Amino acid sequence: MVLDHEILIVGAGLAGLRAAVEASETADVAVVSKVLPTRSHSGAAQGGITAALGNEEEDQWEWHFFDTVKGGDYLGDQDVIEIMVKDAPRAIYELEHMGVPFSRTRDGRIAQRNFGGHTKGYGREPVKRACYVADHTGRVVLDTLYDQAIGRHVRFYGECYVLSLVFDDGRCCGVVTYDLATGGLHFLRAKVVLLATGGCGKIYRTTSNGFSTTGEILNLTFKEGIPLQDMEFIQFHPTGLFPLGILVSEAARGEGGILRNDAGEPFMERYAPSIKDLAARDVVSRAILTEVRAGRGIGGKGYVHLDLTHLGERKITEKLWEITSFARIYLGLDAVSQPIPVAPTCHYLMGGIPTDGDGRVRADQTARTVPGLYAAGECACVSIHGANRLGCNSLLDLLVFGRRSGKAMKDEVAGVKTLLTGRDPTKPVRERLAALTDREGPEKAHAIRLEMQIVMTDYGSVFRTEGALRQGIDAILALKERFSRVMVTNRGTSFNYDLMETVELGHQLDLCEVILVSALNRRESRGAHFREDLPQRDDQNYLRHTLAFCATGGPRIAYKPVVLGRFQPAVRAY
Amino acid sequence: MLVRLKVFRFDPEKDGDPYYQDYEVQAEPTDRLLDCLNRIRWEQDPTLAFRMSCGHGVCGSDGMRINGVCGLACQKLVESFGLEVRVEPLPVFPVIKDLVVDLEPFFQRYHSIKPYLIALSSPPGHERRQSPEDIRPLEDAIRCILCACCTSSCPVSQDPQTADYVGPAALVRAFRYLFDSRDESTSERIAMLDRQDRVWGCRTLWKCTEVCPKEIPVTKLIGHIKRRIYETKRESNEGEIRHAPKDEAGNGSWGEDSEG
């Protein structure tokens with residue numbers, strides 16, 4: 001079946017929905033998602049959205065600008081960071097006008113809280129910059145934007161997996177989807193396509209990411225010859241609920257929570273003497289694992305304690321209801337009176353599909369863009385977050401660049417006629433799926449996936465070395481070889497998760513290789529990419545973005561310069 | 001420990017009638033029911049269908065009937081149900097396959113109550129003011145994740161005679177906008193809700209409140225809508241309200257004052 005829309009958005013999280021709300025003012029917009037609406041992983045964001053509103057204390061966008069640049073270890077592009085931090089207050093007010101029920105100050109303004117790496121006076125002391133709805137900000141904003149999209153008659157295609165991007169003479173003109181309920185393939189044709197599909201956290205064993213965050217769209221674009229930028233930068237959130245890895249928001253530390261080791265020592269004082277527990281996430285994650293390696297984890301085990309017990313019941317139940325409920329449901333403990341066991345958990349992909357400041361996908365190191373194709377949100381790399389994202393800058397990124405993409409698409413489609421491809425784009429996809437389902441083989445996708453997650457965790461997470469990365473690449477290549485003999489047992493047509501998870505696994509394995517090869521080639525430590533064999537930052541050689549291109553024999557690595565500006569690289573200490 | 005799961009199966013492609021299939025999986029007491037279901041699908045039977053996404057009670061995907069009570073598979077630990085558990089799809093909605101139900105009617109009803117802020121006056125250049133007291137009444141309602149456990153558990157929604165009832169989840173969202181100090185369509189919302197298939201369909205039976213995975217006092221919130229309608233009509237001297245609140249469970253008439 002061929003279904004036509006002017007604008008097609010892949011992904012129903014915050015970036016996709018914000019773009020949909022913007023574009024649907026004048027254009028016909030459809031959103032396709034592999035899950036039902038409101039199930040997207042943006043809903044798991046807890047802590048807030050940053051903007052220098054100054055509602056609680058003095059704040060300036062210039063300070064937000066500096067913190068974001070420093071937080072990203074000077075790898076973020078300062079032209080687009082400036083766009084984002086200046087636009088932040090407007091983005092927040094706009095959400096408020098749409099109906100987001102923000103927590104409030106006594107005088108009725110939007111309340112703000114502390115968050116890691118956000119400071120006043122260029123690093124002098126923490127500042128309250130994160131606007132929030134208790135500790136379920138992402139879910140409430142997701143619901144509000146979905147409600148807005150419904151009010152604007154945006155069309156949703158839920159539980160449809162994108163299996164192919166369709167190009168006509170170099171221009172993206174739609175996608176081929178697999179309808180999970182029927183097993184049918186459809187060509188969703190559009191004048192422009194926005195990719196807003198989130199990250200790929202599920203390639204790691206322990207992650208805060210949901211089951212749907214498998215990253216196949218990243219690999220689909222990669223296979224089309226579009227580069228992936230800065231893929232070695234994977235954020236590990238310091239406080240995943242141990243052992244599940246469920247996110248325990250930085251808001252817990254923003255509200256005054258303290259990390260303690262087995263001796264009860266507030267150890268962050270040693271690693272970040274000025275802002276302690278509110279240092280950037282890469283710094284805190286390394287600190288926790290350093291404590292664990294030194295045998296100072298709780299009971300000598302692989303976790304530390306997040307202590308909220310001094311905050312008082314009222315603050316905890318009013319402002320941290322969700323994370324308190326997670327501790328109670330999954331560990332049977334009361335966070336009001338007991339510390340929460342936490343350890344780093346894979347959380348966020350700083351890298352992704354390179355775009356300009358209006359979401360247009362970049363084709364290479366030059367200013368050339370891919371006609372008809374946009375990307376926004378975690379799957380995109382604008383690049384705002386550089387080598388490490390600050391907490392609460394993600395939702396801001398989704399809103400600002402989701403909206404800008406929606407605006408640019410709306411303007412563009414006015415002058416584009418629908419492109420008709422002469423061929424049937426579902427045919428090659430059908431053949432690929434048939435090759436998978438017809439194959440008999442000894443390998444099971446589940447076993448390979450589990451091994452992939454262990455390989456990535458062992459060789460490509462918080463601490464990296466050349467030797468480990470090489471071992472990791474070899475192991476992933478061996479798994480790719482085994483994947484060629486994988487067998488899909490379920491041959492049914494309705495809700496065949498077995499088939500879709502196998503397709504996802506193929507993409508995940510390719511992404512693992514891109515991540516490890518990008519990490520191997522970056523011979524320095526910067527932000528979330530920490531090389532124990534090369535612990536210093538090397539601005540001389542690596543103050544530049546990695547671009548990985550698809551090539552025979554493995555990813556080809558190229559580089560492009562970082563856009564500097566107001567802030568020159570300096571020592572990064574907290 | 002070895003856990004036995006009795007799972008509802010139905011594949012319209014090949015089954016005339018649904019049936020139950022027994023599975024056994026090794027599990028820790030602290031494993032989630034969702035972990036057990038995944039283990040079945042990944043290691044034993046890849047044809048088993050169920051929805052999931054976030055795995056920690058935020059996305060609302062994995063609502064199902066667990067030992068007869070609707071809940072989220074990612075929130076139920078093995079230790080809470082012991083060695084044997086019966087797993088079935090959410091009632092009320094048509095089964096598509098196994099534990100997957102068609103939620104289209106759920107979302108359609110949700111959309112029918114205009115679940116978005118209606119503000120007619122143009123907004124200021126900054127935020128509208130709302131005090132913490134203005135926000136407090138909404139705090140429970142905005143925890144809703146649209147998992148459909150409440151609506152599936154509601155005896156009114158389950159009864160084919162009253163199947164057009166909009167259901168508690170839609171009413172929770174209606175509450176969230178009706179009681180938002182920024183919304184400017186109160187009279188339209190009240191007219192929209194003042195119907196037998198909307199708020200007066202609720203018979204204060206408390207099942208929604210009992211099952212809500214986010215601990216929302218659903219029945220109380222619906223009771224507040226009823227009272228708001230009643231008081232608005234009394235003030236406007238409209239006389240008799242069309243649908244008197246029913247109280248079959250013997251609780252407070254509005255569902256506001258009793259825990260049931």
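# Reading a two-chain model

Visitor: How many bridges join E13(A) to strand E14 of chain A, and how do the two run?

Guide: Strands pair when DSSP finds at least two bridges between them. Here E13(A) and strand E14 (residues 304–307) of chain A run antiparallel and are joined by three bridges. Strands (E, at least two residues) and helices (H or I, at least four) are DSSP runs, numbered from the N terminus.

This is a predicted model, in which local features need pLDDT of at least 70 and side-chain atom pairs count only at pLDDT 80 or more, while totals for chains, interfaces and linings use all residues. Residues are numbered from 1 along each chain as its sequence is written, chains are lettered from A and ligands numbered from 1 in the order in which they are written, and side-chain values use heavy atoms, with hydrogens and water left out.

Visitor: What is the order of the strands in the open sheet of chain A, and which are the edge strands?

Guide: The order is E12-E11-E15-E14-E13, five strands with antiparallel pairing. The edges are strand E12 (246–247) and strand E13 (258–260) of chain A, each pairing on one side only.

Visitor: What area is buried between chain A and chain B?

Guide: The size of an interface is often given as the accessible area lost when the parts come together. Buried area is that loss (1.4 Å probe), summed over both parts. Between chain A and chain B it is about 5100 Å², with carbon and sulfur atoms giving 53%. Arg39(A), Phe211(A) and Tyr330(A) supply 15% of the area that chain A buries against chain B, more than any other three residues. Counted by contact (heavy atoms within 4.5 Å), 58 residues of chain A and 62 residues of chain B take part.

Visitor: How many salt bridges lie between chain A and chain B?

Guide: A salt bridge puts a side-chain nitrogen of Lys or Arg within 4 Å of a carboxyl oxygen of Asp or Glu. The count between chain A and chain B is nine. One of them joins Asp143(A) to Arg173(B), with the closest N and O atoms 3.3 Å apart. Several elements give two or more residues to the side of chain A that touches chain B, including helix H3 (78–98) and helix H4 (137–151) of chain A. H4(A) gives the most, eight residues.

Visitor: Which side chain meets that of Lys86(A) in a salt bridge?

Guide: An α-helix has 3.6 residues a turn, so residues three or four places apart point the same way. Lys86(A) meets Glu82(A), at 2.8 Å from N to O. The two are four residues apart in helix H3 of chain A, which means about one helical turn between them. Lys86(A) is partly exposed at 45% relative accessible area, and Glu82(A) is partly exposed at 23%.

Visitor: Are Arg403(A) and Glu94(A) buried or exposed?

Guide: Both are buried. Arg403(A) and Glu94(A) form a salt bridge, their closest N and O atoms being 3.7 Å apart. Arg403(A) lies in helix H11 (residues 393–413) of chain A and Glu94(A) in helix H3 of chain A, so the pair ties together parts 309 residues apart in sequence.

Definitions and conventions: Buried area is the accessible area (1.4 Å probe) that two parts lose on being put together, summed over both. Buried means under 20% relative accessible area, exposed over 50%, partly exposed in between (1.4 Å probe, protein chains only).
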